[in-house]
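Biologist: I am new to this structure. Could we go through it together, part by part?

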Amino acid sequence: MRTDTIDEFAASLDGADVACTRTEAADLAAVLDDVVDDPAVGAPLGIDGVSLEDTTVQTPPTPQLLSDAATGVTRVHGGIVEYGSFVIQADEAGTEPVSLYPREHVGVVCASDLHDNVHAAVDWLGDEFDAGRDTAVLATGPSATADMGELVTGVHGPQTVHAVVVTDR
Amino acid sequence: MSRREKAQHIRHLLDTEGDAVFENTTHVNDGRLEANATRDDIEELRTAARRIKEDAIEQLPDLVETVREQVEANGGEVYLAEDAADANQYITEVAESKDADLLAKSKSMTSEEIEVNDALEAAGVDVCETDLGEFVLQVADEAPSHLVGPAFHKSTADIATLFNTHFDTGESLDTAEDLTQFARDHVGDQIRAADVGMTGANFVFAESGTLALVTNEGNARKCAVTPDTHVAIAGVEKLIPSLDDFPPFAELIARAAGGQDIATYLSLLTPPVDSPVVDFENPHEPLDGASDDREFHLVLLDNGRTEMREDEELRETLYCIRCGACANSCANFQHVGGHAFGGETYTGGIATGWEAGVHGLDSAAEFNDLCTGCSRCVDACPVKIDIPWINTVVRDRINRGDDQEFDWLVEGLTPDADPGGVDLQKRLFGNFGTLAKLGSATAPVSNWLADWGPSRAVMERVAGVDSRRDLPAFRRETLVDWFESREPLEAAGDADREIVLYPDAYTNYVLVDRGKAAVRTLEALGADVTVAPCHESGRAPLSQGMIETARENAVRVADSLDPYLHSGRDIVVVEPSDLAAFRREYERLLDGERARRLAENSYEVMEYVYGLLDNGADADVLAAGGDVAYHSHCQQRTLDVDQYTEAVFERLGYDVVTSDVECCGMAGSFGYKSEYYELSVDVGETLAGQFEDAGVESRELVASGASCHEQLASLLPPENRHPVELIAPE
């Protein structure tokens, strides 16, 4: 299935000014080391057979790390193919602030977590809400503002966003 | 404000803020059109969003109870605030209970409505606005001029001057990038230091106790999760049942607001959230949401909304999702901005409903006349609110609320059905049909008299008719006179189509030639034409907020056209604003069946010509070819009727350049009023500019509306004509 879907997701990411790298789970650590700007801070990914322990990404997050890190690495729990959106769920380990504070966000998304459109993603989120995971953000591209008279990216949220798609998960 | 003061205020804003507002609003308005064009289901989404809002407001008391139970079950508090003072007291107490020195707040119009910053600051709590537009205004100590882009009235250079003066910035800040970087860092420090975070909510899902926040900058995300205490303020109308209802809004809101397919961040927060508090005072302590003790308060604001819900006419306002599209699509707003077209808190077309509901009629009365009823916002609104109608209703109420000493005198002398409170200016324009009849009967003396210097001075002083405007010249021979004096056509009686032409007051008494051209064209295409008696459609009094007079007009028009409808004739209308009255407003003025029959059997003249040609009429009898510059009419475009004029031109081999402004700025009486004359001309010059461009300036000017004709005639030589005058056979 996935190749077409991932291609489409990657095209939408590109339209949203988000880079996309594909990898298999076994190579994720090496890919992350390649993709992130150090220093990097992360929150646990919760993906089978994958750990940030094997990378330069520092865990657990602290306020200092959030301030100093050039990159935040988190799981992206769902992707919306149509818009290249990340669905990032909040957790006690700090996925939300890690995806928010550093200048770059690297989001790791499993190919099996891609949803065609907003409707499908919200259907899935409905089940997640019922299971108690009831806080999430749909994030599409870098933070932006036109409040200073023209469009500028990189405001309170990340200036650069990078998607790493794990093709075999 | 007197007329003179209002004119001065508008002139000042045109000079100081007009350019920045124009650039920003037209940019996002174009963005909306482009973004909507990439999907073919926008109409379905709008219909779905509308229905969800209708249902939610219908069941609002239940939703309030549901959300209260759910938020409390989640571990938060809900406070239902009766009014601004009540809300402010609660919020201030929360801040004091946390010994807060600093509160970081994301953008929220509802927080502006209650002026919570003043209340908090009076209690010794500093407030930092974290949305960069709001931050600019906080530094400048100014009010927002737009629902979504609060600083739309400021250019990059204005903001640079402000920051360089106000802050010790080291190097001079010049570019939007410099300014954003500086503000981001400055505000970022405040968020890190804040004791309480405050947000609004674009939607609240009752069943799960979830806030939906729509942002691009990421400041709301930070305000909500960084400190341990989160206060959200939302009008009660923000409640919708559940997450399941969210998708249409997720798709529509950013498109409507600024042309993004989807907002950068759609945060769905169900507080108290699991995310760890980020305590920058303990920088090396690992984040751990499990050990945090978060506090959450949802303040649901009534402040007049319950009464709005019970008010048949204002209720629709509560469906508003505050996207600002009504402002962006409004020609007047584009030119003058929300500091004129806005009340105490809200701005743009929908502001009339909000201000009347939450602050009262006086606040709405300050700016309500800036809605000319052009109806371009009707297509723009993602929840299909009839914003012009809300403006008409509120204007009517303002008229009625104004007791004047000599009411009995005025009431005895004017032929309309509205009460004496209506001011003389509105009454004059609202009775245009009667005036035109009188003017025509006494023409040309009436025209000489009207144009005579001393008369104009009196008209300006007493009725606010600007003496810089040319008055319409009434024709002694009306369209109806002309038609009756003609020999009946030989073909009459055995034509395939039978038509009754509705002669509006302009076509009958002033722009008679376009009426004659319509008759000749329709007859040449094989239709049997008769002309109805001339009765004002109600458009003129509607635009003055004189609904009872409009209702009387509508009944009289329906009475006069019913016999023709019964005998199977189609109604053809020359003036688009009158067709719009038949199709849009009559359902509110006449009983349902009558209004439906009239609307369904009425056609704009070029729409009808298109239909005849499409059904095999001989196009060769019409005048073909030529280079034209065409301005369709605002209400005509809202009805999607303009396409037929363009299609007929194309069929007949004309080369057409069309304007893309939302409105010509004349808008019936608007451009005649001395307090609005300069704004009207400013709006008109944008249109005129498009027709003065290279390659366009030598084309024949064509306009569908009487107002558009007058505006173009005053700004551009030579004379312009109605499309049907071009194609009419000699």
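Biologist: How is chain B divided into domains?
Modeller: In this predicted model, chain B has domain 1, covering 59–305, and domain 2, covering 479–727.

Biologist: And how far apart do the C-alpha centres of domain 1 and domain 2 of chain B lie?
Modeller: Those C-alpha centres are 49 Å apart.

Biologist: Let us turn to the sheet with S12(B). What is the order of its strands?
Modeller: The order is S12-S11-S13-S14 in chain B. It is an open sheet of four strands, and the pairing is parallel.

Biologist: Which strands stand at the edges?
Modeller: Strand S12 (527–531) and strand S14 (602–604) of chain B do. Each has a single partner strand, so one side of each is left without a neighbour in the sheet.

Biologist: By how many degrees are neighbouring strands of this sheet turned against each other?
Modeller: On average by 35 degrees, with direction ignored.

Biologist: How many bridges join S11 to S13 in chain B?
Modeller: Four bridges connect strand S11 (residues 497–502) with strand S13 (residues 570–573) of chain B, and the two run parallel. As an example, Val500(B) has Ile571(B) of S13(B) as its bridge partner.

Biologist: Which strands does helix H27 of chain B lie across?
Modeller: Helix H27 (residues 512–524) lies across S11, S12 and S13 of chain B. The helix runs at about 155 degrees to S12(B).

Biologist: Now to helix packing. At what angle do H3 and H12 of chain B pack?
Modeller: Helix H3 (residues 42–58) and helix H12 (residues 247–258) of chain B pack at about 120 degrees, and their axes are 9 Å apart. The crossing of H3(B) past H12(B) is left-handed.

Biologist: Which residues make that contact?
Modeller: H3(B) contributes Leu45(B), Arg46(B), Ala48(B), Ala49(B) and Ile52(B), while H12(B) contributes Pro248(B), Phe249(B), Glu251(B) and Leu252(B). By class, the residues of this contact of H3(B) with H12(B) are seven nonpolar, no polar and two charged.

Biologist: What about the two chains: how many residues does the contact take from each?
Modeller: The contact takes 40 residues from chain A and 53 residues from chain B.

Biologist: Which element gives the most to the side of chain A that touches chain B?
Modeller: H5(A) gives the most, with six residues. By class, that side of chain A has 20 nonpolar, 14 polar and six charged residues.

Biologist: Where do bridges join S8(A) to chain B?
Modeller: At strand S9 (residues 265–269) of chain B, which S8(A) meets through four bridges, the strands running antiparallel. Leu138(A), for instance, has Leu266(B) in S9(B) as its bridge partner.

Note on methods:
Residues numbered from 1 in each chain as written. Chains lettered and ligands numbered in written order. Predicted model: local features only at pLDDT ≥ 70, side-chain atom pairs only at ≥ 80, totals over all residues. Contact = placed C-beta atoms within 7 Å. Nonpolar A, V, L, I, M, F, W, Y, C, P; charged D, E, K, R; others polar. Pairing = 2+ DSSP bridges. Axes fitted to C-alpha atoms, helices over the stretch in contact; angles between N-to-C directions. Domains from an automatic or database assignment. Left-handed = near helix turned anticlockwise from the far one by under 90°.
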